[in-house]
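Visitor: I have a model on the screen and would like to learn how to read it. Please take me through it feature by feature.

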Amino acid sequence: MLRCGQCGVGPAGLPVADPGSGRPVDWGFRPLWGAWGAVFRPCCGVAGMSAGKRILLVGNKADMTLKFRLDLILAWRDLGHEVHVAAPGMTDSATARDLHGLGVRSHEFVLNRVGQNPVQELRALLSLMQIIVRVRPSHMLCYTIKPVVYGMLSGWLLRVPARFGICLLYTSDA
C-alpha cells in the first residue's frame with residue numbers, strides 16, 4: 001500500500017489502516033505520487049522526500065534551467081533540501097549568479113547538445129560522473145535527451161538511490 005513515509009497518510013489523505021481492525025486498507029488504485037519528487041501532497045509536502053535530501057538537477061542548457069525549472073528548484077529549497085544544478089555553460093553565467101543568490105549550487109559539465117563525436121560524448125559522460133561523485137546526491141532529476149541518457153547511466157553506475165528522467169520525443173506525421 002502506498003503511503004507517505006513521513007506521516008503515514010494514504011492516497012488523497014485517506015487512512016492506510018482501518019481504524020476498527022488496524023488492518024491495511026487497499027483503496028484499489030495506485031496513484032503516481034511524485035515519482036521524481038515534484039508532486040505535492042496535502043499531508044507533508046513533496047512525495048517520498050523527507051527534509052534534508054541532496055538533489056541534483058541535470059539539464060542541457062544553463063539559461064533554460066531558470067526559465068523552466070525555477071518553481072521546482074524553489075520548492076525543493078523551501079522544503080529544506082540541498083539543491084544542485086548541473087548544465088553546460090554554467091561557469092561565470094548570469095544563471096549561475098542567480099542560482100547562487102537563491103542558495104542553489106551550480107556545476108558545469110561538458111556537453112555538446114547536437115554532437116555525435118564518440119570521444120566528446122564519452123567526455124560528457126565522464127564530466128557528469130565527476131559532478132555526481134562530488135555532489136553525492138540522494139535524488140537526481142535529468143531532463144532533455146542527452147542529460148537523461150548520460151545522467152541515468154552515470155547515476156546507475158555510481159549508485160544514486162533515486163534517479164528520474166524527463167524527456168519528450170516528438171515525431172512527425174509526414
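The talk below goes from the whole fold to the sheet, the helix pairs and a few residues.

Guide: This is a predicted model, in which local features need pLDDT of at least 70, side-chain atom pairs count only at pLDDT 80 or more, and totals for chains, interfaces and linings use all residues. Residues are numbered from 1 along each chain as its sequence is written, and side-chain values use heavy atoms, with hydrogens and water left out.

Visitor: How many helices and strands are there in the protein?

Guide: Take the definition before the count. Helices (H or I, at least four residues) and strands (E, at least two) are DSSP runs, numbered from the N terminus. The protein has four helices and seven strands. Along the sequence they follow the pattern β-β-β-α-β-α-β-α-β-α-β.

Visitor: What share of the residues is buried?

Guide: Buried means under 20% relative accessible area, exposed over 50%, and partly exposed in between (1.4 Å probe, protein chains only). Of the 174 residues in the protein, 41% are buried.

Visitor: And what share of the contacts joins residues at least 24 apart?

Guide: A contact means heavy atoms within 4.5 Å. Take the contacts between residues at least 6 apart in sequence: 53% of them join residues at least 24 apart.

Visitor: Now the sheet. What is the order of its strands?

Guide: Strands of a sheet pair through backbone hydrogen bonds, either parallel or antiparallel. Here, two strands pair if DSSP finds at least two bridges between them. This open sheet has five strands in the order S5-S4-S3-S6-S7, with parallel pairing. Strands S5 (105-107) and S7 (162-166) stand at the edges; each has a single partner strand, so one side of each lacks a neighbour in the sheet. From one strand to the next, the twist averages 20 degrees.

Visitor: Over how many bridges do S3 and S4 pair?

Guide: Strand S3 (residues 54-58) pairs with strand S4 (residues 82-86) over five bridges, in the parallel sense. S3 is mostly covered, with four of its five residues buried.

Visitor: How do I read a helix pair?

Guide: Two packed helices are described by the angle between their axes and the distance between the axes. Axes are lines fitted to C-alpha atoms, for helices over the stretch in contact, and angles run from 0 to 180 degrees between N-to-C directions. Start with helix H1 (residues 62-78) and helix H2 (residues 94-101): their axes come within 9 Å and cross at roughly 20 degrees. H1 is therefore roughly parallel to H2. The cut-offs are under 35 degrees for roughly parallel, over 145 for roughly antiparallel, 65 to 115 for roughly perpendicular, and oblique for the rest.

Visitor: Is the crossing of H1 and H2 left-handed or right-handed?

Guide: It is left-handed. A crossing is left-handed if the near helix is turned anticlockwise from the far one by less than a right angle, and right-handed if clockwise.

Visitor: Which residues of H1 and H2 meet?

Guide: Ala-62, Asp-63, Leu-66 and Ile-73 of H1 meet Thr-95, Asp-98 and Leu-99 of H2. These contact residues divide into four nonpolar, one polar and two charged. Ala, Val, Leu, Ile, Met, Phe, Trp, Tyr, Cys and Pro count as nonpolar, Asp, Glu, Lys and Arg as charged, and the others, Gly among them, as polar. Asp-98 is partly exposed, with a relative accessible area of 43%. Its C-alpha is 8.5 Å from that of Leu-66, 32 residues apart in sequence.

Visitor: At what angle do H3 and H4 pack?

Guide: H3 and helix H4 (residues 145-157) pack at about 55 degrees, with axes 9 Å apart. That makes H3 oblique to H4. Their crossing is right-handed.

Visitor: Where does Ile-131 lie, and what does this residue touch?

Guide: Ile-131 lies in helix H3 (residues 118-135). At 1% relative accessibility, Ile-131 counts as buried. Not counting residues up to four places away in sequence, Ile-131 touches Leu-56, Ala-86, His-107, Glu-108 and Phe-109.
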